[in-house]
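I opened the file and looked up a few things about fold, core and chain contacts. My notes follow.

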Amino acid sequence: MGEIIQEESGKKGSKTKAKKQSTHIDMTPMVDLMCLLITFFMLTTAFSKPKVMVITMPEPPDKNDTAKSQIKIPEFRTINILISGDNKLYWYTGSLDSKTGPVTPVTKTNYSKDGLRKILLEKNKDVFTQIEELKDKVKKGVLVMADSTVNNKIKEIKKGDKKGPIILIKAGDGAKYRNIVDIVDEMAICNIGSYAIVDMSPKELEIIKTAP
Amino acid sequence: MPKIKMPVKTPHVDMTPMVDLFALLLTFFMLTTSFRPQEAAIIDTPNSVSDKQAPDKNIMTIFIDSIGHVYFNIDNGKDSSKHYRKDILLKMAENYNLKFSEKQVNKFATLSSFGLPIKDMSKWLNSDDPKEKERLQKNGIPTDSAEGRPSELWYWINVSRVKNVDSEVAIKGAASADYKIVKKVIDILQENKVNKFNLVTNLQKEEVSLNDIK
């Protein structure tokens with residue numbers, strides 16, 4: 001706090017004595033200023049950088065390329081996830097266009113833990129178990145690996161899988177962006193290797209329109 | 001017995017340690033700070049488990065707000081002396097037969113996201129009134145192709161891709177945005193040969209263990 005150095009009156013004309021001045025500097029304004037600056041920086045700082053989820057879309061087919069270069073995928077492996085408005089969700093395996101019809105019919109499910117995730121985990125059991133066991137070993141210190149090596153191993157496991165599901169994510173009318181992100185996220189949670197976001201066929205649009 | 005007289009002291013607090021601490025904190029914040037860029041719209045992003053960090057340089061961001069308006073931002077790249085933003089605006093002006101003064105171009109280089117038709121850009125750059133600026137941005141960047149030529153968003157993406165080859169694409173969409181508009185933006189990006197996107201999300205942990213499948 002500021003000190004008032006009082007002038008000593010009287011003793012006029014006497015020898016000027018060097019007064020003992022205290023070496024205190026009043027730091028209050030400095031502290032005030034610093035407080036202000038700190039508050040400013042704290043409020044404007046963006047500590048956590050935004051997180052991103054990387055998705056790769058299939059390249060659109062070349063219009064000039066008439067030769068069909070479509071890859072055949074085994075029907076029993078394909079799981080179609082149909083996203084409809086009002087947070088409704090359906091799934092079926094196989095293809096609607098095949099002569100025998102879809103492998104399992106269009107069934108309603110939901111975004112909860114016991115909904116779609118249960119189905120996906122069940123279908124992707126092998127890969128999921130392998131990856132989780134690997135992660136577990138690394139965590140417990142049985143296996144010592146760098147993070148990048150672990151990621152590569154996980155990629156290898158996903159790639160080497162020949163029986164796991166291939167997911168086709170299809171969004172219909174009224175689907176929100178949140179729904180798509182949730183489903184893609186579910187792929188990451190369930191360690192699913194192959195999935196794609198594709199357009200819905202008219203047949204599927206018809207089905208989800210009339211479905212409960 | 002004589003009373004003991006307490007000497008009258010000014011209540012002085014030694015503030016040196018406090019100042020020391022403040023100075024330390026201040027230095028820390030000043031060094032670590034990266035300013036939150038001003039964004040044209042407030043966007044509530046969806047949650048995901050991904051903990052990958054967004055690249056902080058060479059990034060082109062497309063914002064989609066909950067009512068489906070599209071905003072755009074491109075940074076100056078790793079080396080800000082390259083002035084990508086200036087080049088991009090000049091090229092856009094060329095595409096649309098518009099003229100921007102040097103002052104306007106310089107101003108554009110320092111700004112961040114925007115969402116308005118290119119014909120209003122001049123007005124937007126001249127204006128200093130936040131209300132006026134907001135009014136100009138009320139419709140976002142046009143995404144529909146008009147008069148037989150691609151949409152303005154297509155041009156922005158195209159020019160940005162040509163000028164800064166290394167730029168990556170991030171989509172910051174509102175969770176409640178319609179997927180249709182997101183799809184439209186993705187289609188425009190794919191027309192520009194962008195097939196990999198960074199979707200900006202909030203981190204939300206989700207644990208699944210082996211026990212869940214037993």
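I count a residue as buried if 20 or more other C-beta atoms lie within 10 Å of its own, as exposed if 12 or fewer do, and as partly exposed in between, with C-beta atoms placed from the backbone. A nonpolar core is then a set of buried Ala, Val, Leu, Ile, Met, Phe, Trp, Tyr and Cys residues joined through C-beta atoms within 7 Å.

This is a predicted model, in which local features need pLDDT of at least 70 and side-chain atom pairs pLDDT 80 or more, while totals for chains, interfaces and linings use all residues. Residues are numbered from 1 along each chain as written, and chains are lettered from A and ligands numbered from 1 in written order.

Core. I found 73 residues in the largest nonpolar core, and A:I81, A:I180, B:I64, B:V70, B:I171 and B:V185 have the most contacts inside it. Helix α7 of chain B (residues 179–191) supplies the largest share of this core, seven residues. (Helices, H or I of at least four residues, and strands, E of at least two, are DSSP runs numbered from the N terminus.)

Chain A. I looked up its elements and found six helices and six strands. Of its 212 residues, 23% count as buried.

Interface. I take two residues as in contact if their C-beta atoms, placed from the backbone, lie within 7 Å. On that basis 42 residues of chain A touch 51 of chain B. On the chain A side, α1(A) gives the most, with nine residues.

Strands. I noted two bridges joining β1(A) to β2 of chain B (residues 52–53), running antiparallel. A:V52 has B:K52 as its bridge partner in β2(B).

Methods: Pairing = 2+ DSSP bridges.
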